[in-house]
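I opened the notebook to record what I looked up in this structure. The entries follow in the order of the look-ups.

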Amino acid sequence: MEKEKRIKREENRIKKIFREVEENRKRTVEGLIKRAAFMRVSLEEFEQDLNENGFTEQFQQGEKQEPYDRKRPVADLYNTMNTSYQKIIKQLTDLLPEGKGEEDELMEFLSGKRQGGDSG
């Protein structure tokens, strides 16, 4: 599938998660979603390249020099983009509307606000 279609599909997937975000945060979320979608698709391409060709390559400075392993440029690109992607995902996660998660339910149960569990 061509890259633009894959990016659009990823954008739509993330947008579904954020459909209930507050109106005043929508513009911020939309920009982050676009960046995250692009980065995820690019990271997948870098991963494929790294799986096929490895993180290092033989490099020889000159004819009389011994060749040595050096990190491939795509490995640096991958590491840098992966770090940025994780930061964007963290930002997006922080913008999610607060909901009832498992942790909230556990805290309610432990504080006695919620009755549940086995009786017996």
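How many helices and strands does the secondary structure of the protein come to? I read off 4 helices and 2 strands, where helices (H or I, at least four residues) and strands (E, at least two) are DSSP runs, numbered from the N terminus. Starting at the N terminus, I noted the order α-α-β-β-α-α.

Basis of the entries. I am working on a predicted model, in which local features need pLDDT of at least 70 and side-chain atom pairs count only at pLDDT 80 or more, while totals for chains, interfaces and linings use all residues. Residues are numbered from 1 along each chain as its sequence is written, and side-chain values use heavy atoms, with hydrogens and water left out.

Burial and surface. I looked up the share of buried residues (under 20% relative accessible area; exposed is over 50%, partly exposed in between; 1.4 Å probe, protein chains only). Of the 120 residues in the protein, 22% are buried. The protein exposes about 9,600 Å², and carbon and sulfur atoms supply 47% of that area; the areas come from the Shrake-Rupley method with a 1.4 Å probe, and for residues only the protein chains shown count as cover.

Contacts. I took contact to mean heavy atoms within 4.5 Å. Among contacts with a separation of 6 or more, 57% are between residues 24 or more positions apart.

Salt bridges. I found 13 of them in the structure, each being a side-chain nitrogen of Lys or Arg within 4 Å of a carboxyl oxygen of Asp or Glu.

I looked at Arg40 and Glu10, whose side chains meet in a salt bridge at 3.4 Å, N to O. Arg40 lies in helix H2 (residues 26–53) and Glu10 in helix H1 (residues 3–17), so this pair ties together parts that are 30 residues apart in sequence. Is Glu10 buried or exposed? Glu10 is buried, with a relative accessible area of 9%, whereas Arg40 is partly exposed at 30%.

I then turned to Lys34 and Glu11, which form a salt bridge at 3.7 Å, N to O. Lys34 lies in helix H2 and Glu11 in helix H1, so the pair links parts 23 residues apart in sequence. Glu11 is buried, at 7% relative accessible area, and Lys34 is partly exposed, at 38%.

My last pair was Asp76 and Lys71, with a salt bridge at 2.8 Å, N to O. Asp76 is partly exposed at 36% relative accessibility, and Lys71 is partly exposed at 46%.

Which residues do salt bridges with shared partners join into one network? I listed Lys3, Arg6, Glu10, Arg13, Arg40, Glu44 and Glu45.
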